[in-house]
Each structure stands twice: as structure tokens, then as C-alpha cells.
Amino acid sequence: LLKTLKTEKFMLKVKMVKSVITRPEKQRKIMRGLGLTKVNKTVTLADTPEIRGMIHKVIHLVSVEESKE
């Protein structure tokens with residue numbers, strides 16, 4: 001049996017809304033790993049379980065919006 005793969009690729013727009021000052025080092029590293037270094041910076045990332053897990057750890061510092069590619 002062959003599973004059909006989705007041809008649609010979903011992306012996540014992640015925006016840093018709070019500073020990482022006074023946050024634990026682990027959260028700072030996660031934000032840097034997401035490509036977020038300054039407040040109000042927005043990055044577009046692939047919708048993968050790894051990225052969603054990182055976002056879940058810092059959801060209080062970011063806003064997330066789903067979009068199609």
C-alpha cells in the first residue's frame with residue numbers, strides 16, 4: 001500500500017512579542033534556534049513536529065500564525 005503524500009506545505013509565521021531578558025538560558029537558546037533575536041521580528045518556518053515542540057516551550061514569548069506556502 002502506498003500512502004499519498006500531501007502536496008500542500010504549511011508554514012508557520014512566528015513573531016517574537018516578548019523579550020528574552022530575565023528568561024532561562026534554555027528558552028533563550030530555543031528562541032535563537034527559531035531565528036528570533038529581536039522583539040517584533042517575524043520568521044517563516046516549516047510546520048514540523050520539531051518546530052512545533054520548540055514553539056510550545058516558548059509560547060508565552062511568541063505569537064504564531066499558520067499559512068500555506
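This is a predicted model: local features need pLDDT of at least 70, side-chain atom pairs count only at pLDDT 80 or more; totals for chains, interfaces and linings use all residues.
View 1. Three strands, in the order E2-E1-E3, make up an open sheet with antiparallel pairing. Strand E2 (42–46) and strand E3 (62–68) are the edge strands; each has a single partner strand, so one side of each is left without a neighbour in the sheet. On average, neighbouring strands of this sheet are turned by 25° against each other, direction ignored.

**View 2. The pairing of strands E1 and E2.** Strand E1 covers residues 10–16 and pairs with E2 in the antiparallel sense over 5 bridges. Lys15 has Thr42, in E2, as its bridge partner.

**View 3. Helix H2 across the strands.** Helix H2 is formed by residues 49–57 and lies across E1, E2 and E3. The helix runs at about 25° to E1.

**View 4. The salt bridge between Asp47 and Arg52.** The closest N and O atoms of Asp47 and Arg52 are 2.6 Å apart. Asp47 counts as partly exposed, with a relative accessibility of 26%. Arg52 also counts as partly exposed, at 38%.

**View 5. The salt bridge between Glu66 and Arg52.** In this pair the closest N and O atoms are 2.5 Å apart. Glu66 counts as exposed, because its relative accessibility is 51% and the cut-off for exposed is over 50%.

**View 6. The network of Asp47, Arg52 and Glu66.** The structure holds 2 salt bridges.

How values were computed
Residues are numbered from 1 along each chain as its sequence is written. Side-chain values use heavy atoms; hydrogens and water are left out. Two strands pair if DSSP finds at least two bridges between them. Helices (H or I, at least four residues) and strands (E, at least two) are DSSP runs, numbered from the N terminus. Axes are lines fitted to C-alpha atoms, for helices over the stretch in contact, and angles run from 0 to 180 degrees between N-to-C directions. Contact means heavy atoms within 4.5 Å. A salt bridge is a side-chain nitrogen of Lys or Arg within 4 Å of a carboxyl oxygen of Asp or Glu. Buried means under 20% relative accessible area, exposed over 50%, partly exposed in between (1.4 Å probe, protein chains only).
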